[in-house]
Amino acid sequence: MRGIPRLPRPVLGALLGVTALLTASALATPAGAAPRPDTSTGVSSVPAGAQQQARDFWTSERMREATPLDLVGVSGHIDGGSAPRKGAATTVAPTSPAAPLGKAAAGIGLMAFPNSGGQWTGGGAVVNTAGRVFFSYQGRTASCSGNAVTSANKSTVITAGHCVKLEGAWHTNWVFVPGYHDGQAPYGRWSASKTLSTPQWTASEDINYDVGAAVVSPLDGKRLTDVVGGQGLAFNTGYNLRMYSFGFPAAAPYDGEKFIYCSGTTNRDFLLSNDHGMNCNMTGGASGGPWFTQFNESTGTGLLSSVNSFKYNFRPNRMYGPYFGADAQNLYQTAQAS
């Protein structure tokens, strides 16, 4: 605002507080093999034995009982540097599964817009491509959200950076459960062979670049998007956009069992980040859920253009997601080529 001096970002961050939308539960986790991070590229490779262990560990009971423990503060992850690098506007089209998925793939449309938080009952492809992410974090189990996308390897999931790495450590026992509901994994538990993030999140966990990805291993001889399909993507397409956001919030008043959406015309954060902002009451566990532009309610398809990332403590009903610029695009390219 004109005439009001802008405080340095570290000072403003300390005053306002920033909270990631990550939740953790107090279940015990097996020791397991640690991931093998490549610090030069921001990629963490997961041994085959650890992949199988992760699939075995996440039983229906454990997924259903993965209740929130606390929200993880990221107020120290504010960068006063430049805005995300931009490039040419680029889009990638959604893809359909190799075989029809039946009634769940049929959307009914006519959902409320704008909407600050409610259960998605519109059906469509999004109920299959989106899912919950489960992993171990600091000796506890934790949950996020994620989404399968069109990719050359047919095995790429996009989520938030803090859903793959937080406080200097890569998460373990990482699985993606598309179409999750009621403790069930209707399309299986897909274990990560690699988890990745942007260079800025990998190096300093800068909230402006809170984007993560995972490459999941084939399951029963099939690849992820052949089974559930993949959403499209959009990079460098600007601000002030009509968007839909989805996720599985697990902190009160939610319990992680319902697929929730928000919708509205976004605008650019004017405080600590260069993120998109949207009115939305989703809570912890929604992190990493997709934000779509050009979303078609009837088909449940769109272009993934951001992910659920954080909220300011003083404004709990407004959510923010990182701008998908050149670095997010490079992350996607690295993941799909893996």
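These exercises walk through a predicted protein model, each with a worked solution.

Residues are numbered from 1 along each chain as its sequence is written. Local features need pLDDT of at least 70, side-chain atom pairs count only at pLDDT 80 or more, and totals for chains, interfaces and linings use all residues, while side-chain values use heavy atoms, with hydrogens and water left out.

**Exercise 1. The whole chain**

State how many helices and strands the protein chain has, and what percentage of its residues count as buried.

Step 1. Count the elements. The protein chain has 7 helices and 23 strands. Helices (H or I, at least four residues) and strands (E, at least two) are DSSP runs, numbered from the N terminus.

Step 2. Check burial. Of the 338 residues, 59% are buried. Buried means under 20% relative accessible area, exposed over 50%, and partly exposed in between (1.4 Å probe, protein chains only).

Step 3. Look at contacts, meaning heavy atoms within 4.5 Å. Among contacts with a separation of 6 or more, 75% join residues 24 or more positions apart.

**Exercise 2. Helix H2**

Find the buried residues of helix H2 and say how they are placed around the axis.

Step 1. Helix H2 covers residues 48-57. Its buried residues are Ala50, Gln51, Ala54, Arg55 and Phe57.

Step 2. These residues cover an arc of only 165° around the axis, so they sit on the same side of H2. The arc is that of the directions from the helix axis to the C-beta atoms.

Step 3. Recall the helix rule. An α-helix has 3.6 residues a turn, so residues three or four places apart point the same way.

Step 4. Turn to the face away from the buried side. Ala48, Gly49 and Asp56 are exposed there.

Step 5. Name the cover. It includes helix H3 (60-64) and strands E8 (140-148), E12 (172-178) and E13 (190-197).

**Exercise 3. Helix H7**

Step 1. List the buried residues. They are Ala326, Asp327, Ala328, Gln329, Leu331, Tyr332, Ala335 and Gln336.

Step 2. Name the cover. Among the covering elements are strand E5 (90-92), strand E9 (156-159), E13 and helix H5 (199-204).

**Exercise 4. Two single residues**

Step 1. Find partners of Ser309, leaving aside neighbours within four places in sequence. They include Thr19, His162, Asp210, Asp275 and Tyr320.

Step 2. Ser45 and Lys194 are 149 residues apart along the chain. Their C-alpha atoms are separated by 4.4 Å.

**Exercise 5. The lining of the largest pocket**

Work out which helix gives the largest share of the lining of the largest pocket, and how the lining divides by class.

Step 1. The largest share, 3 residues, comes from helix H4 (residues 126-129).

Step 2. Sort the lining by class. It has 10 nonpolar, 4 polar and 3 charged residues. Ala, Val, Leu, Ile, Met, Phe, Trp, Tyr, Cys and Pro count as nonpolar, Asp, Glu, Lys and Arg as charged, and the others, Gly among them, as polar.
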